[in-house]
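User: Hi there! Could you take a close look at one part of this model for me?

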Amino acid sequence: MPSFDFASKVDLQTLDNAINTVSKEVTNRFDFKGSHVLIELNKKDFKVNLEADSEMKLSQIIDVLISRSMKQGLAAEVYDLSKEPHQSGKIVKQEIPVRNGIKQEDAKKIVKLIKDSGLKVQAAIMDDIIRITGKKIDDLQDVIQASKSWDIGIALQQTNMKS
């Protein structure tokens, strides 16, 4: 029976390369000369720590982070930008968690979207992936096409396609 998996994995090396690229670009920019900037990746907790002199500079760093990550092949949705930056003395800090894996409530939303689509496939939640099975591979391809229009706030990859 044909099947594939929906996953939301972030490759640590790709993320590290994106962070290093952002660091190099920001240190070479004229508007950041002589100002305090810290861009750090916590590989254990999958968090990006940012520090800058002002909120404006912090938002510029975030824009560069997203654009460079997209050039590295990471979707913009991998960064959870819901936390607001906070002032710490003269420095503005922000901790950005990196979404790695599908949370249970997001998995339930995805399964519901698949069931509501009316396609003849079955969806099963397996830890942090969702396995989709169907009788025809065309049904699976229809699910993949439908998934591109969903606005769920996480980056989905299709992996492990078997026919």
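What does Asn-160 count as, judged by its relative accessibility? After that, please go through helix α1.

Analyst: Happy to! This is a predicted model, in which local features need pLDDT of at least 70 and side-chain atom pairs pLDDT 80 or more, while totals for chains, interfaces and linings use all residues. Residues are numbered from 1 along each chain as its sequence is written, and side-chain values use heavy atoms, without hydrogens or water.

Asn-160 counts as partly exposed, at 37% relative accessibility (buried is under 20%, exposed over 50%, partly exposed in between, with a 1.4 Å probe and protein chains only). Asn-160 lies in strand β8, residues 157-162 (strands are DSSP E runs of at least two residues, helices H or I runs of at least four, numbered from the N terminus). Its phi is positive, about 60 degrees, although Asn-160 is not a glycine.

Now to helix α1, residues 12-28. Its 17 residues should span 24 Å (1.5 Å times one less than the number of residues), and the end C-alpha atoms are 25 Å apart, which agrees. Among its buried residues are Leu-15, Ile-19, Val-22 and Val-26. The buried residues of α1 pack against β2, β3 and α2 (contact means heavy atoms within 4.5 Å). Towards α2, the α1 residues Ala-18, Ile-19, Thr-21, Val-22, Glu-25 and Val-26 meet Ile-61, Val-64, Leu-65, Arg-68 and Ser-69. The residues of this contact divide into seven nonpolar, two polar and two charged (Ala, Val, Leu, Ile, Met, Phe, Trp, Tyr, Cys and Pro are nonpolar; Asp, Glu, Lys and Arg charged; the others, Gly among them, polar).
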